There are 2 protein chains.
Amino acid sequence: MKINENFLKLKENYLFAEVGRKTAAYRAAHPGKEVIRLSIGDVTLPLAPAVIAAMHKAVDDMAKKETFKGYGPDATCYGYDALLDSILSSYARKGVQLGKGEVFISDGAKSDCGNILDIFSAENTVLIPDPVYPAYFDVNVMAGRNIVFAAATEENGFLPMPDESVKADIIYICSPNNPTGAAYTKTQLKAWVDYAKEQNAVILYDAAYEYFVTDESLARSIYQVEGAKEVAIELCSYSKTAGFTGVRCGYTVVPEALVRGGVSLNRLWARRQSTKFNGTSYITQMGAAAVFTEEGERQIDENINYYRNNAKIITSCLDGLGVSYTGGKNSPYIWMTCPHGMTSWEFFDYLLENANVVGTPGSGFGNNGEGFFRLTAFGTEENTREACARMTALLKN
Amino acid sequence: MKINENFLKLKENYLFAEVGRKTAAYRAAHPGKEVIRLSIGDVTLPLAPAVIAAMHKAVDDMAKKETFKGYGPDATCYGYDALLDSILSSYARKGVQLGKGEVFISDGAKSDCGNILDIFSAENTVLIPDPVYPAYFDVNVMAGRNIVFAAATEENGFLPMPDESVKADIIYICSPNNPTGAAYTKTQLKAWVDYAKEQNAVILYDAAYEYFVTDESLARSIYQVEGAKEVAIELCSYSKTAGFTGVRCGYTVVPEALVRGGVSLNRLWARRQSTKFNGTSYITQMGAAAVFTEEGERQIDENINYYRNNAKIITSCLDGLGVSYTGGKNSPYIWMTCPHGMTSWEFFDYLLENANVVGTPGSGFGNNGEGFFRLTAFGTEENTREACARMTALLKN
């Protein structure tokens, strides 16, 4: 038996696991210290009341023979109508018309952004922004694909644009971006759609943070850009929109118009999901279906505004310190320059040891992340204020 | 961009999707007929009260800031302690001692039995019983692996034993078997463990139906066999044990002792899961943790006995008709010989059209399944009795 040798090319620890390990080690060595985590993008507010009510009802359904639900609808990969309909309506409000068979419910965008690769040849070249969410890189290393990078730098506002001289088959775009918080305008995305079309490439568009976008010029879905349905798969998540990090629900859109060499990618993904997946929990799906109701949206808007306010607290703090950053607007992430020329991990250790605040080292997101540091707005307001006070005290000179 | 051409080698429809399509077409053409499905292995009894109570409590936890749960414990692939502890205790009652880091919680055994392949080279040769659960075959075709078969026939009681002349790297075993209902004794499994050791192979042991085993000589876990921890990964599911087909929870055991070429397969799977998966719903995990409590076990035993009784109704019916079969004891599946020399799909159509009963054609599980037909005990007692009455009326001559 041969193992998949590509795994040996991966670094031992996944970024967030390494941050967790270092944090745990510090806590164990300093039991009296109150460590504040503004690192992993985990939410802190409870689920919206509309979601809770829908989930209780779904649990009750599972208790009675008459309403019990086993495997999902025959094509389990598509999910329950109540959820699909609410997703289609939500897209329609963004000006995007989709068909029910184009949306696949899953246990989260993280699963999908790796699993989707099953439908592509291992021989493809993958274009990945640098820095970016590390899973994009790792899942392609595991599959042995050739990887090229699009540099996201201060010079381009952390929004790389297509380079015609670079050949790519699969293109990952995350907007609003994790970790930089930068978000593409519809006009910028149009350039990526055109580039993908020329290259006969497919864009994997991670829209996990779209709900934070308020600026009308920025895209909330790549399908707001003309021609995108012929080149793009969109990965969406309830994690940040509705606090579902512990509930696990996402959805992936594979348009019918996305055809390569006469083969429908929608059919390939349907085949993958019906063979290697068995649907998302009924209870989870019913909770998710409550998110885009009128009541649900009002409640999650409140939550998102709470996090937006946290982002403002952090950016005001950095403004006061004269530290440069991107994000914090149209995004829950703030991407700051490490002070005093420190490297990302140096600043991680410095901040952990001297302010007991945990962030995420920018270098963990790619080489161009070196010298940067990611803070998230997903903490509690109290902790965010306290972390900022500690950072101000530490860095004000 | 190149698609994964291996997908084009798959048949268009996954077996159960094809059964569903044919059934739906018949229903649409004959709206007055009451069709009974004894085909897909979906359960019909509601969740146990202990599970329901635990899930309501978990939903309430998600409603309050103090008890809200986001991403799982740092190594999300391992799951919550309450669930892991209950799984370890359940194993201990079967005489198997496992460590907490050896158990990985997932959204179901179906996901795991495909995803686990990520850690193996595409160059391995896979040994798959024929007939067997079709996903084993399909997921390996998708990855382009060489596949060899172990023939399960009437002659060997549908329990193929190792053939020393066959070289294999990965070996799928499902016991009690889907679809034949046949189950290996511990002594028989020992031969497979020894064979795997000689071949330096890894066994993927699907124990989804272990809870149906009552005969003490039969294995409920491959780890009841000496030496198995060095060669076997075990895939387990709450779907059939506790009616979780719509809830989605399973667990996969990768023992620390499973090392190949100095590489721990436990670490590889941990890396795969922490990169391409983000844990199982907290609510689901809390429900699953209630399954192996004293109260939970008493309640699910009642449900399993209800299905066992259905199996007895079906086997009594077949006994009365003089139709030969395996399974129905230590298994929820009954694997019958198609009457009058019909092929599997001929009998499927015959039974659907003349008795309005849906089963699963044996040939869909492999070439050796031709001429056989799978019925399941997971229906309601009322439907099972009615289906048997119709089959008796149809086949008694």
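## Domains of chain A

In this predicted model, chain A is split into two domains: domain 1 covers 5–47 + 295–395, and domain 2 covers 49–293. The centres of domain 1 of chain A and domain 2 of chain A, taken over C-alpha atoms, are 25 Å apart. Where the two domains touch, domain 1 of chain A supplies 36 residues and domain 2 of chain A supplies 41 residues. On the side of domain 1 of chain A that touches domain 2 of chain A, the elements giving two or more residues are α10 (294–321), β11 (325–327) and β12 (333–337) of chain A. Of these, α10(A) gives the largest share, 7 residues. Sorted by class, this side of domain 1 of chain A has 14 nonpolar, 17 polar and 5 charged residues.

## The two chains together

A second contact is the one between the chains. Here 72 residues of chain A are in contact with 72 residues of chain B. The largest share on the side of chain A that touches chain B comes from α2(A), with 6 residues. By class, the side of chain A that touches chain B has 33 nonpolar, 22 polar and 17 charged residues.

How is chain A related to chain B? Chain A is superposed on chain B by a rotation of 180° with 0.0 Å of shift along the axis, and the RMSD is 0.0 Å. The two copies are therefore related as by a two-fold rotation axis. The C-alpha of H56(A) is the one in chain A nearest the axis, at 3.1 Å from it. Both copies use the same surface, since 100% of the contact residues of chain A recur in chain B.

## The nonpolar core

Nonpolar side chains tend to be buried together in soluble globular proteins. The largest nonpolar core in this model has 270 residues, and the members that touch the most others are I171(A), I203(A), L204(A), I171(B), I203(B) and L204(B). Apart from its neighbours within four places in sequence, I203(A) is in contact with I171(A), I173(A), W192(A), A196(A), I222(A), V231(A) and A232(A).

## Strands and sheets

Strands of a sheet pair through backbone hydrogen bonds, either parallel or antiparallel. Strand β8 (residues 250–253) of chain A is covered on both faces: G250(A) and T252(A) on one side, and Y251(A) and V253(A) on the other, are all buried. Strand β2 (residues 103–106) of chain A pairs with β8(A) in the antiparallel sense over 4 bridges, and in this pairing V103(A) stands opposite V253(A). Strand β7 (residues 232–237) of chain A also runs antiparallel to β8(A), joined by 4 bridges, with C236(A) opposite Y251(A).

Chain B has an open sheet of 4 strands in the order β11-β12-β15-β14, with antiparallel pairing. Which strands stand at the edges? They are β11 (325–327) and β14 (360–361) of chain B; each has a single partner strand, so one side of each is left without a neighbour in the sheet. For β14(B), 2 bridges join this strand to β15 (residues 372–376) of chain B, and the two run antiparallel. One bridge pairs T360(B) with R374(B) in β15(B).

Most residues other than glycine have a negative phi, and most peptide bonds are trans. The table lists exceptions in this model.

| Site | Backbone feature | Value |
|---|---|---|
| D130(A) to P131(A) | cis peptide bond | omega near 5° |
| S175(B) to P176(B) | cis peptide bond | omega near -10° |
| H340(A) | positive phi, not a glycine | phi about 55° |
| N330(B) | positive phi, not a glycine | phi near 55° |

P131(A) is in the loop between β3 (125–130) and α5 of chain A, and P176(B) is in the loop between β5 (170–174) and α6 (186–199) of chain B. H340(A) lies between β12 and α11 (344–355) of chain A, while N330(B) lies between β11 and β12 (333–337) of chain B.

Are H340(A) and N330(B) buried or exposed? A residue counts as buried if 20 or more other C-beta atoms lie within 10 Å of its own, and as exposed if there are 12 or fewer. H340(A) has 8 such atoms within 10 Å, so H340(A) is exposed. N330(B) has 21 within 10 Å, so N330(B) is buried.

Definitions and conventions
Residues numbered from 1 in each chain as written. Chains lettered and ligands numbered in written order. Predicted model: local features only at pLDDT ≥ 70, side-chain atom pairs only at ≥ 80, totals over all residues. Domains from an automatic or database assignment. Contact = placed C-beta atoms within 7 Å. Nonpolar A, V, L, I, M, F, W, Y, C, P; charged D, E, K, R; others polar. Pairing = 2+ DSSP bridges. Core = buried A, V, L, I, M, F, W, Y, C linked by C-beta atoms within 7 Å. Least-squares fit on C-alpha atoms with pLDDT ≥ 70 in both.
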